[in-house]
Amino acid sequence: MSDQVEIQFDLEVDARGLSCPMPVVKARQALKELEPGQVLRVVATDRGSIKDFQGWAQSASDFELLAQHEVEEEGRKLYLHYLRKTA
Amino acid sequence: MESMTQTQSDFQIGASALADRLMAGERPFVLDVRNRDEFERWRLEGRDGPLEAVNQPYFEMFDYLEGDDVVGALATYAERHLTDRLPREGEILVVCAKGDTSDLVAQALRRLGYRAVNLAGGMVAWGNFYRFALVEQGERLTLLQGQRIARGCLSYVAISRGEAVVVDPGRHLRPYEEVLRERGAKLVAVIDTHAHADHISGGPELAARLGVPYYLHPYDGIHPIDMLPAELEYDYLREGSEIGFGESKVRVLHVPGHTLGNTALVVDDRFLLTGDTIFIDSVARPDLGGQGERWAPIHYRSLRRLAELPGETVVLPGHFSKLAEADEWGIFRRELGRLRKENEGLSKLEEGEEAYIRYLLSSLPEFPEQYVEIKRVNGGLVRPDEEKASELELGKNICALAQAYQGAEGNGNPDGGDGDE
């Protein structure tokens with residue numbers, strides 16, 4: 001996980017409690033709402049989302065993965081993914 | 001095949017049924033929708049090696065997503081991008097990590113007329129599936145081989161007159177507790193033949209839960225790379241120790257080399273639980289403690305000693321590398337006399353110590369970096385949660401010499417070479 005500097009975002013997707021593939025599906029839908037340059041934050045509880053967003057970002061041509069953070073919330077781990085729309 | 005009476009459950013295959021089919025030699029075509037690196041690290045294998053497969057990560061399959069119609073989007077993607085890569089005839093087994101996404105992909109493929117079936121629970125369930133094969137059911141001794149098929153890990157439950165000993169249990173305790181209950185047996189001891197590097201031992205927890213001693217050789221109570229003592233309770237195994245259960249007994253042979261405290265166990269003078277020494281196709285590697293060159297000569301002498309046991313001794317190893325190593329009964333076992341001729345790692349013992357050490361050290365497959373951490377877990381130095389434990393254990397064991405993994409034309413098998421730890 002990258003450094004924990006606060007990152008500004010324009011839209012957030014709540015994927016807490018959702019299992020694969022829904023964090024990616026929700027993010028794909030939300031990216032449509034954004035303009036190039038804007039940032040989407042996805043909040044997931046599925047640990048598998050870390051690698052999946054990395055893999056997805058490698059092949060996708062319309063966004064880049066800015067950062068991934070791991071934080072605690074009420075005793076459970078949250079995985080925060082920051083995606084910047086590029087096209 | 002398709003008919004109105006079929007329900008969703010007709011399109012699911014569980015780990016147990018898949019194991020039976022793979023053992024029987026079936027080779028379903030696989031569509032694996034996990035990450036590319038996960039696929040490359042660990043994939044489904046049939047009797048003779050990896051199944052024919054297409055890897056298409058699911059997260060690339062949502063380009064045509066409209067609204068919430070996930071299955072529709074997957075079907076459109078498959079129609080435009082996958083049809084030339086998938087067989088029209090025959091079954092397609094769709095797999096992912098946990099079995100949810102692959103279920104949706106399988107539904108999408110069925111809309112297009114494919115015979116697509118989902119691996120229920122995904123690779124996680126596959127990796128955590130154990131089955132027990134009956135090796136011996138005599139008046140005095142019942143011996144079962146616990147097979148963790150996906151990882152190639154073998155463990156044993158030996159029962160005599162209602163008393164049981166469990167050897168090298170995996171970290172999931174329920175399969176062992178169920179066998180003990182089914183057989184009406186009371187556990188009296190848990191033994192690890194050595195401190196494992198490839199999987200997390202269930203030994204300490206199983207022993208603690210049932211209030212019986214956990215045995216380990218004291219040399220393996222020290223982490224070989226950290227040089228730190230284990231933080232767990234165990235009783236000492238030593239050369240010549242005997243552990244009785246019912247009217248049977250386990251006799252301990254100290255055979256250092258794979259680890260310094262490596263042991264093999266003789267059950268009733270007939271069965272040799274070799275742990276990580278002699279496997280069916282190969283022998284154990286000497287380098288997982290980070291001391292391959294120093295330990296290779298000791299390993300050679302230990303292997304020699306075991307190879308000189310009576311030829312009718314039945315070898316029951318701690319690992320297998322390929323399903324094809326199982327005999328016609330689905331059990332990973334061979335008579336020692338036969339292995340002396342057929343197992344390359346044993347036949348080469350004749351060439352003498354110097355040549356053998358060269359052979360060992362030139363046959364080392366990759367050193368998975370998580371093996372150092374797994375040894376910490378097994379020494380009680382690190383206590384991972386379930387997700388971390390599952391991640392550490394991902395994939396098939398790599399405890400044998402490199403030859404054991406060949407024969408599949410390098411289809412995603414470990415290819416050896418960079419022993420860089």
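What separates the centres of domain 1 of chain B and domain 2 of chain B, taken over C-alpha atoms? I find a separation of 35 Å.

**Conventions.** I am working on a predicted model, in which local features need pLDDT of at least 70, side-chain atom pairs count only at pLDDT 80 or more, and totals for chains, interfaces and linings use all residues. I number residues from 1 along each chain as its sequence is written, and I follow the lettering of chains from A and the numbering of ligands from 1 in the order in which they are written.

**Entry 1: domains of chain B.** I took domain 1 as 8-125 and domain 2 as 130-361; such bounds come from an automatic or database domain assignment. Domain 1 of chain B supplies nine residues and domain 2 of chain B seven residues. On the side of domain 1, I noted that helix H1 (15-23) and strand E3 (45-46) of chain B are the elements giving two or more residues. Here helices (H or I, at least four residues) and strands (E, at least two) are DSSP runs, numbered from the N terminus. H1(B) gives the most to this side, with four residues. I classed the side of domain 1 as three nonpolar, three polar and three charged residues. In this scheme Ala, Val, Leu, Ile, Met, Phe, Trp, Tyr, Cys and Pro are nonpolar, Asp, Glu, Lys and Arg are charged, and the others, Gly among them, are polar.

**Entry 2: chain B against chain A.** I recorded 17 residues from chain B and 14 residues from chain A in the contact. Helix H2 (36-41) and helix H4 (100-111) of chain B each supply at least two residues of the chain B side. H4(B) gives the most to that side, with three residues. By class, the side of chain B that touches chain A has nine nonpolar, two polar and six charged residues.

**Entry 3: H3(B) and H4(B).** I next examined H4(B) with helix H3 (residues 70-81) of chain B: their axes come within 8 Å and cross at roughly 60 degrees. Axes are lines fitted to C-alpha atoms, for helices over the stretch in contact, and angles run from 0 to 180 degrees between N-to-C directions. H3(B) and H4(B) are therefore oblique to each other (under 35 degrees is roughly parallel, over 145 roughly antiparallel, 65 to 115 roughly perpendicular, and the rest oblique). I noted among the contacting residues Val70(B) and Leu74(B) of H3(B) and Leu104(B) and Arg111(B) of H4(B). This helix contact has nine nonpolar, one polar and one charged residues.

**Entry 4: sheets of chain B.** Which order do the six strands of the open sheet take? I read E17-E18-E19-E20-E21-E22, with mixed pairing (two strands pair if DSSP finds at least two bridges between them). Strand E17 (242-245) and strand E22 (334-335) of chain B stand at the edges with a single partner strand each, so one side of each lacks a neighbour in the sheet. Strand E18 (residues 248-254) and strand E19 (residues 263-267) of chain B pair antiparallel over five bridges, and His254(B) has Thr263(B) as its bridge partner in E19(B). I also found an open sheet of seven strands, ordered E8-E9-E10-E11-E12-E13-E16, again with mixed pairing. Its edge strands are E8 (131-137) and E16 (235-236) of chain B.

**Entry 5: a hairpin in chain A.** Strand E3 (residues 63-73) and strand E4 (residues 76-85) of chain A pair antiparallel over ten bridges. Two residues lie between E3(A) and E4(A) in this hairpin, and Glu74(A) in the turn has a positive phi of about 50 degrees.

Notes. Two residues are in contact if their C-beta atoms, placed from the backbone, lie within 7 Å.
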